[in-house]
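Hello,

Here is the structure I promised to pass on to you. Please have a look at it first, and then read my notes below.

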Amino acid sequence: MATASMLAAPGAERTAVFPPGFGRRVLLTVDTEEEFDWKAPFRREGFGLSHIAAIPRFQAFCERIGAHPVYLVDWPVVHDRAAIEVIGDAVRRGTAEVGIQLHPWVNPPFEEEVSEHNSFAGNLSPALEAAKFTRLRDAIEAAFGTAPQIYRAGRYGLGPHTAELLLAAGVRIDTSVRSLFDYSHQGGPDYSHHPPLPYWVDDERRLLELPVTSVYSGRLKQFGPMLHRVERHLPTFYSGLSRFNLIERIALTPEGVSAAEARRGIDLALAAGLPVLVLSFHSPTLAPGHTPYAPTPEAVEQLYAWFAEVYAALAERGVKSCTVAEVIAAIGS
């Protein structure tokens, strides 16, 4: 079996073609994880899960607006009784799905040093990455009664052996690639040249990559990756170009992106021919004080307003919610 590297930008020949009847769809992914200090060094202990109490409200809201969340759960969450109850109820009712998200620093076995480099699971040895992934995958299946079919590496941390691991486990979809973003300065992957279009990872077309949707706009959009690299050395360089509407990078997330920006991003993504738009955010943002994006109760309400406005815009454009199961059915066995 020939497997392409998940770290290299794929050629156009790997672009996945969806059947005409599939239409234009949106997949809502939730990085369902523990609470921790994003500005502090990584730790195995000291995390929280108090925001799990906010998930029932979010799930009920999603059902009202026609969204179908995919909860990408990690080790602390899958071992939390309240999380299993609320997410499991939605999964059993067919109003949500569950997937895998690997945070290696809180996921056993604990054999590696805790560090920024090792926070990207793909940087671990193949044996340790596999051991952590397998224990998490099995725990999710046991807790929710269904074999998870979609994976996201925490911190988007794919590695050279992740594709082999997912294929061996029978996982059909990866959504770890955050196209147009570069994490190499932190020791992570560089996705700055990865397309936002879904593509096949392997020659046999058993593993589909659904990148988290990001797009460039503006007259300089073709120079986006290069300009973002310049920004590392001249922090105000990119923001200056953005103020003059010469270039803008829009990620489809309520975290740091306004609803107006998201609407522009949706239009650009649809114009580019994306069959599936992938939205994402972190579950601790559902409660105040756990992420930079929701420091106050008012900010949490703004998150709900964002989703209401964005899903209304999607409906106006004929974009319907989809499930992981529907994507798998569309791409065939």
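This is a predicted model: local features need pLDDT of at least 70, side-chain atom pairs count only at pLDDT 80 or more; totals for chains, interfaces and linings use all residues.

**What I found**

Although Arg205 is not a glycine, its phi is positive, at about 60°.

Arg155 has a positive phi of about 60° too, and is likewise not a glycine. You will find Arg155 in the loop between strand E4 (150–153) and helix H5 (162–169). With a relative accessible area of 23%, Arg155 counts as partly exposed, because that class covers values between 20% and 50%.

One more backbone detail for you: the peptide bond joining Pro108 and Pro109 is cis, with omega at about 0°. Pro109 belongs to the loop between strand E3 (97–102) and helix H4 (126–144).

Now to the inside. The largest nonpolar core has 76 residues, and those touching the most other members are Leu28, Phe58, Val73, Tyr151, Leu277, Leu279 and Phe307. Helix H9 (residues 297–316) gives this core its largest share, nine residues. Leaving out residues up to four places away in sequence, the contacts of Val73 include Thr32, Val78, Ile87, Val98, Leu136 and Phe144.

Strand E8 (residues 214–217) is covered on both faces: Ser214 and Tyr216 are buried on one side, Val215 and Ser217 on the other. E8 runs antiparallel to strand E9 (residues 248–251), and four bridges join the two. Within E9, Ile250 is the bridge partner of Val215.

Phe18 is buried at 11% relative accessibility, and Phe22 is buried at 7%. Phe22 also has Arg25 over its face, 4.6 Å from the ring centre. Elsewhere, the charged end of Arg249 sits over the ring of Phe181, 3.6 Å from the centre. Finally, Phe58, Phe61, Phe281, Tyr304, Trp306, Phe307 and Tyr311 make up one aromatic cluster.

Best wishes

Methods
Residues are numbered from 1 along each chain as its sequence is written. Side-chain values use heavy atoms; hydrogens and water are left out. A nonpolar core is a set of buried Ala, Val, Leu, Ile, Met, Phe, Trp, Tyr and Cys residues joined through side-chain atoms within 4.5 Å. Buried means under 20% relative accessible area, exposed over 50%, partly exposed in between (1.4 Å probe, protein chains only). Contact means heavy atoms within 4.5 Å. Two strands pair if DSSP finds at least two bridges between them. Rings of Phe, Tyr and Trp (its six-membered ring) pair if their centres lie within 6.5 Å; planes under 30 degrees apart count as stacked, over 60 as edge-to-face and the rest as tilted. A charge sits over a ring if NZ of Lys or CZ of Arg is within 6 Å of the ring centre and within 35 degrees of the ring normal.
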